[in-house]
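Visitor: Please show me the model, so that we may go through some of its elements in turn.
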Amino acid sequence: MKKAVIIGDGVTKGARSPILWNACFKYFDINGEMLAVDVNSKNDLDNFFEEHLRDSNFIGGAVAAPIKQAVTDYFYKNQNNNFELPTNCFYRGSNNNFVCLNTDILAAMHSIERNIDINNIESLAILGDGSVGLSLAKHLQNFSLKKTLYTRNPNKIDIKGYNIHDYEHLFNNLSDYDLIINSTSVGKDGSSSDSLLPKDLIRDKARENLFVYDVNYINGPNQLLRDCNEYGVKCEDGSNMNIMQAVIAFGHALDLQNESQKILEVMREAVADL
């Protein structure tokens, strides 16, 4: 039997990944199972890998907080893996070594690219310098467009290819951007009225072709996206990203990338009543 896991702090208390993966194992008639295993320290992670990586039936799985960077560091140290972003999916590759992915970023890009041709825009702004914001910034480094990262601490951040500014600069230059990605927690709970962008700025300065992508999705849409909808600014929250990251992870781990649409359908049905 193929063995997969989701590892992280408290994942045994309600992680959705086992429901999603096990529904797909069943649909594709694969003898496999995903389990949740609580791992919340580097020492726990080392012990877990020591026990599982030698098992030929172990195919990898998903990674939750707070050990995503620790997984990246582990495979860099032990398998010379040159993946640089925090890892939230790892799977056994063709050479029997494990491959690291950040499927949150791949899923976010899937959502963005179905709404806007990122190769045909002039400029983008990423809001926030947390794990997701910095990972997106690094993923987009080689795109040939004007890129700006906004943070409350601009003097502490340096990413090649990016202008780094505080939010006051954004307020004065909102009309410069074709794509804005909010990766901050401001307005994370959609019942909050908090928003990084004042409503009148969206009304008065947003470009006609602006697309706003917000990684948040709890109780969505949040205030930022409600304001965008009110003034006809195209936008999307992170709810599609949330399930697509599992679709991408399962597809890579089981070499079923060409079945992504069916994987998505099966996963959506598996959690439809939750």
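Visitor: Leaving aside neighbours within four places in sequence, which residues is Q69 in contact with?
Guide: The model is predicted, so local features need pLDDT of at least 70 and side-chain atom pairs count only at pLDDT 80 or more, whereas totals for chains, interfaces and linings use all residues. Residues are numbered from 1 along each chain as its sequence is written, and side-chain values use heavy atoms, with hydrogens and water left out. Contact means heavy atoms within 4.5 Å. On that criterion, and with neighbours within four places set aside, the partners of Q69 are E84, L85 and P86.

Visitor: Is Q69 buried, partly exposed or exposed, and why?
Guide: Q69 is found in helix 3 (residues 68-79); helices (H or I, at least four residues) and strands (E, at least two) are DSSP runs, numbered from the N terminus. Buried means under 20% relative accessible area and exposed over 50%, with partly exposed in between (1.4 Å probe, protein chains only). Because its relative accessibility is 35%, Q69 counts as partly exposed.

Visitor: How many residues of helix 4 are buried?
Guide: Helix 4 spans residues 103-113 and is mostly covered. Its buried residues include I105, M109 and I112.

Visitor: Which residue caps the N-terminal end of helix 4?
Guide: The cap involves a side-chain oxygen that lies 3.2 Å from the backbone nitrogen of D104. The residue that caps this end of helix 4 is N102.

Visitor: How is helix 4 oriented to helix 9?
Guide: The axes of helix 4 and helix 9 (residues 239-253) come within 8 Å and cross at roughly 120°. Axes are lines fitted to C-alpha atoms, for helices over the stretch in contact, and angles run from 0 to 180 degrees between N-to-C directions. Angles under 35 degrees count as roughly parallel, over 145 as roughly antiparallel, 65 to 115 as roughly perpendicular and the rest as oblique. Helix 4 is therefore, relative to helix 9, oblique.

Visitor: Which strands stand at the edges of the open sheet?
Guide: The sheet has six strands in the order 8-7-6-9-10-11, with parallel pairing; two strands pair if DSSP finds at least two bridges between them. Each edge strand has a single partner strand, so one side of each is left without a neighbour in the sheet; these are strand 8 (163-165) and strand 11 (234-236).

Visitor: Which residue of strand 9 does L127 stand opposite?
Guide: Strand 6 (residues 123-127) and strand 9 (residues 179-182) pair in the parallel sense over four bridges. In strand 9, the residue opposite L127 is N182.

Conventions:
Polar contact = N/O pair within 3.5 Å; in protein donor to acceptor, adjacent residues only side chain to side chain.
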